[in-house]
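This report describes a structure in terms of its ligand shell, its overall fold and its nonpolar core. The structure is shown first.

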Amino acid sequence: MANRMENAISQKSDFGYFDVWKATIEERTGVQITPDRERALALLLDRRMKELDSEDVDQYMADALDVAKGAQEWSGLIDSLLVKETSFFRHRPSMDYVRSWVKCAVRDKSSTEPLWIWSLGCSTGEEAYSLAITVEQAMKAEGLEPRYGIIGTDISREAIFQARRGIYRESKMASVEQSVNRAYFDPVGRGLWRVKADLRRRVCFLTSNILTDKSPLIRRKMHLIYCQNMLVYFRRWKRREIIGQLTNHLDDQGCLMLGLGELSNWLPSGLTRVTQRNIQAYIKDERIEQRAEQKAQQGETR
Ligand SMILES: C[S@@+](CC[C@H](N)C(=O)[O-])C[C@H]1O[C@@H](n2cnc3c(N)ncnc32)[C@H](O)[C@@H]1O
């Protein structure tokens, strides 16, 4: 990767200064800078150069893109550039599905093993906390002491910092029902709400890039992977590659939840799609994989 970028930078007179930025961002984060985002990128670069009192575009680019020397500048650029829009219970039908999936999962599980859930591309934490509330409510409804852990990961350091604090403005609470607000949030200062400590303790947030940290802290298989509104910024082939990676991280009978329409005309190997139309969920079934392997072996021996 470094070589391609180094070449691109050295040939930038042909390749185009702006194209080098776009290509590097996509190569390092997966996020495409589509034409409608180009202006935002140009303004951001311009602003940063002014703030740093730098007039040499080549020097600024070389410094910012230097993996070691430019780490801090790069991280700040990414924080400013990526779309981090999110909200509590953003896609209700998906959260409703999680609720019913958890109920089935805990009924099926004879052991008292906790459920492990990964919120990938979690932004400022609303998604991970919504999952925590949903899982907690589902387990209590089954008469169980909640046993689960949630890992939230995002490439943005700034977003993860905010997620860990768990403090949200009143305007963010519009999508939170009053009873949920009372049960899981404390008022802290004027128009601010903080996720209660008990719930915060359940959720561990990490800065992590899915392209480079293939399995952030996640040695164990996950029971549910929730990844919405991130892959939509990636090219199709990249989405498929990452979904393959996520499938390997899922436990047998585990669930992968994507955003509606984020994967079309392709069924990831080893997964079956849940038929409900207003969600995009898949269940891992290792028997499918085993059958495919058996078939392949039979083909070889013929
Ligand atoms: C639009 S937000 C979606 C937030 C949340 N999942 C939701 O649906 O409300 C997309 C998030 O993906 C993160 N992201 C983008 N590229 C990433 C990568 N390569 N690795 C991890 N996170 C990434 C961004 O920083 C951003 O916070």
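How do the residues of the shell around the ligand divide into nonpolar, polar and charged?

## Ligand shell

The shell around the ligand holds nine nonpolar, nine polar and five charged residues. Here Ala, Val, Leu, Ile, Met, Phe, Trp, Tyr, Cys and Pro count as nonpolar, Asp, Glu, Lys and Arg as charged, and the others, Gly among them, as polar.

The ligand is surrounded by 23 residues, of which T86, G121, S123, N229 and M230 are the closest; a residue is near the ligand if its C-beta atom, placed from the backbone, lies within 6 Å of it. Domain 1 (2-81) and domain 2 (92-290) each supply at least three residues to the shell, with bounds from an automatic or database domain assignment.

## Model and fold

This is a predicted model: local features need pLDDT of at least 70, side-chain atom pairs count only at pLDDT 80 or more, and totals for chains, interfaces and linings use all residues. Residues are numbered from 1 along each chain as its sequence is written.

The protein has 13 helices and ten strands, taken as DSSP runs numbered from the N terminus (helices H or I, at least four residues; strands E, at least two). Of its 302 residues, 31% are buried, that is, have 20 or more other C-beta atoms within 10 Å of their own, C-beta atoms being placed from the backbone.

## Nonpolar core

The largest nonpolar core has 59 residues, and V102, I117, A132, V135, I225 and L256 touch the most other members. Such a core is a set of buried Ala, Val, Leu, Ile, Met, Phe, Trp, Tyr and Cys residues joined through C-beta atoms within 7 Å. Helix α8 (residues 126-141) gives the most to this core, with eight residues.

Methods. A residue is buried if 20 or more other C-beta atoms lie within 10 Å of its own, exposed if 12 or fewer, and partly exposed in between; C-beta atoms are placed from the backbone.
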